[in-house]
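Colleague: I'd like to learn how to read a structure like this one. Could you walk me through it, feature by feature?

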Amino acid sequence: MNDLHTSSAPALRRLLDLLASGAATEDFADVLADARRQGAPAAVLSEIDDATWQALRVHRTMRQHRRREAELTALFDTAGDLAASRDLDAVLQAIVRRARMLLGTDTAYLTLPDEGAGDTYMRVTDGSVSVLFQTLRLSLGDGLGGLVAQTARPYATPDYRADERFHHTGTIDAGVLDEGLVAIIGVPLLLGGRVIGVLFAADRSPRAFSPDEVALLCSLAAHAAIALDTARSLADTRAALTELNSANELIRAHSAAVQRAEQGHDRLTDLVLRGAEVPDVAAAVAALLGGGIAVLDAEGEPLAGRAGAPGTGLAEAAAASRAEGRAVRHGGAWVCAVLAGQEQLGTLVLRGRPDLDDADRRLFERAGVVTALLLLLRRSVAETENRVRGELLADLLTAPDRDPAGLTARGRRLGVDLGRPHLVLVAEPGDARDAGARARLAGAAGRYLFGSRGISAEHGEAVVLLVPDGDGAEDGGADDAGDGAQRAAGRAAERLARLAGFPVTVGAGRPAAGPVALAAAYAEGLRCVRALRVLGRSGEGASARALGFLGVLLGDGHDVAGFVRGTLGPLLEYDARRGTELVRTLRAYFDCGGSLTRAKDELHVHVNTVVQRLDRVEVLLGRDWNGPERSLELQLALRLQLLSGP
């Protein structure tokens, strides 16, 4: 027995030396093989075989301990990085590098979700050589990484391309192929049960990952999740500190703005109590806000300040302000609707202040309220005055010859000089018998004349407006009485329709002065409205003169000479200057029913002469001279000229 122990002792000492030196596993098998070659007895060989098996167990245990020590050291180092570093990129890069080192893989990488795009992207890579792979994006559920993110569980595959457990896509497979990866393991980064990323390790050759390797990668992923959460907490803390640092500035700015708003409120209140007008309020607000203020009425016409060039979209900006109940930005300006309930009385436009803080914006909006109050007061006064003046207008149209001097005196007391030439505009709604429409038209007429020297009143089935002749606000400057009446009627029809919300027909009489003449002008304007309806031109405005020969028939005074000159003037002047007979030729042509042959016999000239003369008529009168409506006017003018004598 002692011999047996003595013969096995060298082999046992050799096994201990191999354990101490950390030799490879295959070196332990050489001890038993050498004993067999030396012819050791079977009992000795059996003892050496048992000792070799025990030595291998010890060797495996020691190797596991060393690996576990290295893993723990890596985890401690990672924890130290988390405690010492504030750079998220550096921490994540260290975690990915350690994962690659501890698992001994060719590459390691980490993906994070992109909530905006709804997928995940490569955040950090280590050992990657493919640009395509480094820029790869994975949708939820696609590929191994998509499955890990969807299920919150780790997955490993020894050969990714042949593994059918994953949903393969062309983009992902192309990136994996370009990187040359075969074996891949992915574990989730969990934070409160929610997946906030995926950590991967991969080899470019087939490999089966052990449960210990999966657990190690999960530990590193947990550290990565902590790093991400810590970084976000630090970012939130920095943002909170920034907000706290700016809070004092905001408080100081707010205090200054409140003080300025109080001063502005006191200033506007004082203006209202002193009976200031809209331009005074505009000037005060411009001084308070340091910009230019323009006040526009409901039609966009300036009431105060310089409106500037009419920019596109101003009406839309005013509508937006009305809908929101606040001032809105419009390009480099601010726009605030001036409201009285749901009615828009006008618009405030602030220029020169592209940025307004809340206090200044409220001051600007308060200016809109004050402006609305002033406009309502002005309108109330104007409506009262117009009601009294309207009674004067009704008496003027009903019995002008009863007491002309008394009417003129009443008008003078009310600020209406009936001795000055005025235009009488007669306006009717689409349905003249609709009392409601007529009342709305009367209100629109009051707003239309607001701020002017005109007056209006309901009379019969129409609304009558009396405006001073030559008022640039109404007719654009009356250099000619007929043209001024036509422009005034057209402008009134257009604006009254916008204010009333339905088509309005307007007829204008000739300018007149004195109660009797003004009543006659009203009758002419009323006949003009009737004529427009007969002609199918409801919703338009016109004067008697603008209606052509109908104006001669409708107008008082029957300006036959003026109609003849307006219709045949170019032919008369040409004949007088050149001694031709264009007027006589045209009369013969019409008298002969448009027959050139009969006309040449009537004129005793060749047919070519008739053709040449009619060509000249077309040059002077226009190509439509022989049209039905124009030829009717020409024939009437020729007949009136003949009846009037030389």
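Colleague: Let's start with burial. What share of the 646 residues of the protein chain counts as buried?

Modeller: Here 42% of the 646 residues count as buried. Keep in mind that this is a predicted model. The chain has 22 helices and 16 strands. As for contacts with a separation of 6 or more, 59% of them join residues 24 or more positions apart.

Colleague: And what is the mean pLDDT of the protein chain?

Modeller: The mean is 78, and 82% of the residues reach 70 or more. Over residues 1-6 the pLDDT is below 50, and that stretch has four contacts beyond near neighbours in sequence. Residues 472-479 are also below 50, with 21 contacts of that kind in the model.

Colleague: Now a helix. Which residues of helix H2 are buried?

Modeller: First the general idea: an α-helix has 3.6 residues a turn, so residues three or four places apart point the same way. In H2, residues 25-37, the buried ones are Phe-28, Val-31, Leu-32, Asp-34 and Ala-35. Seen down the axis of H2, these buried residues fall within an arc of 155 degrees, so they line one face of the helix. On the other side of H2, Glu-26, Arg-36 and Arg-37 are exposed. Just after H2 comes Gly-39, with a positive phi of about 75 degrees.

Colleague: Why is helix H6 described as largely enclosed by the rest of the structure?

Modeller: Count its buried residues: seven of the nine residues of H6 (residues 143-151) are buried, so the rest of the structure largely encloses this helix. The buried ones are Gly-143, Leu-144, Gly-145, Gly-146, Leu-147, Val-148 and Ala-149. They pack against strand S3 (137-139), strand S4 (155-157), helix H7 (170-179), S5 and S6. Just after H6, Ala-152 takes a positive phi of about 60 degrees.

Colleague: What about the length of H4: how far does this helix reach from its first C-alpha to its last?

Modeller: H4 has 16 residues and reaches 23 Å, close to the 22 Å expected at 1.5 Å a residue. Its buried residues are Val-91, Leu-92, Ala-94, Ile-95, Val-96, Arg-98, Ala-99 and Leu-103.

Colleague: Next, the nonpolar core. Which residues touch the most other members of the largest one?

Modeller: That core has 27 residues, and the ones touching the most other members are Leu-92, Leu-103, Leu-110, Ile-185, Leu-189, Leu-199 and Leu-217. At least two core residues come from each of helix H4 (88-103), S1, strand S5 (183-191), S6 and helix H8 (211-273). H8 gives the largest share, nine residues.

Colleague: Can we zoom in on one residue there? What is Leu-110 in contact with, leaving aside neighbours within four places in sequence?

Modeller: Its partners are Leu-92, Val-96, Tyr-121, Met-122, Arg-123, Val-124, Leu-189, Val-198, Leu-199 and Ala-224. Now look at Thr-111, which lies in strand S1. Thr-111 counts as buried because its relative accessibility is 4%, under the 20% cut-off. Not counting residues up to four places away in sequence, Thr-111 touches Thr-120, Tyr-121, Met-122, Arg-123, Gly-197, Val-198 and Phe-200.

Colleague: Phe-200 has a ring. How do I read aromatic pairs?

Modeller: A pair of aromatic rings is described by the distance of the centres and the angle of the planes. A search of the whole structure finds seven such pairs. One of them, Tyr-109 with Phe-200, is stacked, at 4.5 Å centre to centre and 15 degrees between the planes. This pair links distant parts of the chain, with Tyr-109 in strand S1 (residues 107-114) and Phe-200 in strand S6 (residues 194-203), 91 residues apart. Both Tyr-109 and Phe-200 are buried. Together with Phe-133, they form one aromatic cluster.

Colleague: Last one, a loop. Where does Ala-298 lie?

Modeller: Ala-298 lies in the loop between strand S7 (292-297) and strand S8 (302-304). Ala-298 is partly exposed, with a relative accessible area of 47%. Leaving aside neighbours within four places in sequence, Ala-298 is in contact with Gln-344, Leu-345 and Gly-346. Ala-298 and Leu-339 are 41 residues apart in sequence, and 10.0 Å apart in space, C-alpha to C-alpha.

Methods: Residues numbered from 1 in each chain as written. Predicted model: local features only at pLDDT ≥ 70, side-chain atom pairs only at ≥ 80, totals over all residues. Heavy atoms only, no water. pLDDT = per-residue confidence, 0-100. Contact = heavy atoms within 4.5 Å. Phe/Tyr/Trp six-rings, centres within 6.5 Å; stacked < 30°, edge-to-face > 60°. Helix = DSSP H or I, 4+ residues; strand = E, 2+ residues; numbered from the N terminus. Buried < 20%, exposed > 50% of the residue type's maximum accessible area, 1.4 Å probe, protein only. Core = buried A, V, L, I, M, F, W, Y, C linked by side-chain atoms within 4.5 Å. Expected span 1.5 Å × (residues − 1). Arc of directions from axis to C-beta.
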